[in-house]
Amino acid sequence: MVQEYPELDDKAPRADSRVKEDQAMPGPVSGSGRLDVSKPIRPFEPGAADGKKKAGKAAKPIKSAKKGKKDKRVRKAGKSKSGRRQEKDLPALFRPMELRDQHIRNRIWMPPMDTYSALRHDGVPTNFHYQHYVSRALGGFGAVIGEATAVDPQGRISPCDVGLWNDEQTRAWQGIVRDVKAAGAVPIVQLNHSGRKGSSGCSSMGYINATVPVAEGGWQPVGPSPIAFGRMAVPVQLSRAQIASIVADFRSAAVRAVQAGFLGVELHAAHGYLLSQFLDPLINRRSDEYGGDLSNRMRLLIQVTDAVREVIPSGMPLLVRMSATDWATGGWGLDETIRTAKVLKLHGVDLIDVSTGGLVPGVKIPAAPNYQVPFSYQVRSQVLIPTTAVGLITKPRQADRIVRKGLADAVEIGRASLRDPYWPLRAAYKLGLSAEQTPYPEPYRRGAYGIAR
């Protein structure tokens with residue numbers, strides 16, 4: 001029986017410019033790359049999931065101390081009778097966050113970023129991956145989301161991708177996950193199937209933005225319809241049986257994620273990989289129950305969501321990364337993103353990781369600081385679900401402002417974290433936290449920012 005989604009009827013609220021004054025959407029990115037956040041914005045209230053919003057005020061920023069007074073630039077958080085610091089006195093960026101049973105120490109997250117470093121082409125993470133992820137956990141990130149992790153060999157983006165489809169991979173992830181947790185961060189795995197963008201090249205083997213030949217370790221890509229991405233190979237259209245097998249692969253990978261010790265799972269339904277390919281009308285031209293209107297095009301994503309939610313612990317957060325727009329005329333957009341997110345919320349999804357683009361080639365993306373933040377805010381305010389924001393967020397005060405103004409619940413520091421694994425520690429100093437309030441590893445505390453020697 002084909003499942004329908006009544007949330008998608010014409011009465012469902014749509015994303016447009018008619019936003020209530022108390023939920024004013026940030027204006028378009030200006031030439032300076034700054035957002036218009038002059039109007040008040042209510043912070044997300046977890047208790048408002050029933051659609052009734054609680055009144056609330058944005059947290060006040062910590063005022064900088066007067067110049068010239070040494071050591072008084074840091075404002076210590078107040079303490080309760082129990083001796084614990086009062087979270088309300090912390091900058092918004094460093095307030096803890098709860099997702100189901102997980103306590104995340106701050107709102108600075110490391111997003112999933114492909115490293116293409118499984119150089120044996122076996123999907124097994126290596127010592128490089130250990131160093132890559134554990135160093136960011138030691139650097140103070142609240143959550144560390146692993147790169148796109150394939151649910152089966154054909155689901156890799158390139159032969160150099162990591163995976164989670166066998167026991168060897170599961171064991172290799174266990175050591176990484178164990179020490180990410182020991183360093184104080186919450187490890188989350190991003191499960192992915194590449195679809196028509198699979199079998200692409202990487203820096204170690206060439207074929208950049210092209211299909212790796214089968215003779216050199218590549219494979220035949222698959223997709224919802226036989227429409228190629230750019231100059232890559234035309235994918236084979238998936239049959240119903242193959243779709244069912246992919247759903248089962250996501251389920252099995254989620255079981256392995258639990259065995260590996262991950263504390264959260266994210267489904268990659270963004271950037272033009274398989275789950276987002278089914279969503280986008282420019283890519284999905286099917287005429288069966290997986291194509292056509294939005295309720296059909298989201299069917300695979302909902303089936304995968306249900307399969308994963310069934311096998312992970314009830315206290316484990318389930319995230320979905322979505323591209324809020326493909327930046328193409330007639331393609332996927334914010335309206336459909338919001339309508340899909342409402343259904344995902346009903347199926348046990350706890351947070352939407354909002355990004356954009358990557359679905360269709362040849363589009364112009366207006367990249368500038370904060371350019372994707374308005375999409376995160378619209379999903380957050382209209383779906384009443386926590387979101388993360390990405391997109392050229394590089395400065396501590398910029399990131400703190402996004403959270404403080406209620407534009408997102410957490411920010412993801414991507415390329416800046418590749419330059420600086422200890423970005424959160426530096427951000428804490430910039431925002432006025434003392435060394436005691438900052439998530440330093442104890443052996444590093446004597447080298448804290450602000451110490452004179």
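Analyst: A charge is said to sit over a ring if NZ of Lys or CZ of Arg is within 6 Å of the ring centre and within 35 degrees of the ring normal. Lys 197 lies over the face of Tyr 273, at 4.7 Å from the ring centre, and also over the face of Phe 229, at 4.6 Å from the ring centre. The model is predicted: local features need pLDDT of at least 70, side-chain atom pairs count only at pLDDT 80 or more, and totals for chains, interfaces and linings use all residues. Residues are numbered from 1 along each chain as its sequence is written, and side-chain values use heavy atoms, with hydrogens and water left out.

Rings of Phe, Tyr and Trp (its six-membered ring) pair if their centres lie within 6.5 Å; planes under 30 degrees apart count as stacked, over 60 as edge-to-face and the rest as tilted. The structure holds 6 aromatic pairs. One of them joins Tyr 422 and Tyr 444 edge-to-face, at 6.1 Å centre to centre and with 70 degrees between the planes. Tyr 422 lies in the loop between helix H10 (415–419) and helix H11 (423–430), and Tyr 444 in the segment after H11, so the pair ties together parts that are 22 residues apart in sequence. Helices here are DSSP runs (H or I, at least four residues), numbered from the N terminus. Tyr 422 is partly exposed, with a relative accessible area of 27%; Tyr 444, at 38%, is also partly exposed. That term covers the range between buried, under 20% relative accessible area, and exposed, over 50% (1.4 Å probe, protein chains only). Elsewhere, ring pairs link Tyr 133, Trp 173 and Phe 262 into a cluster.

How values were computed: Helices (H or I, at least four residues) and strands (E, at least two) are DSSP runs, numbered from the N terminus.
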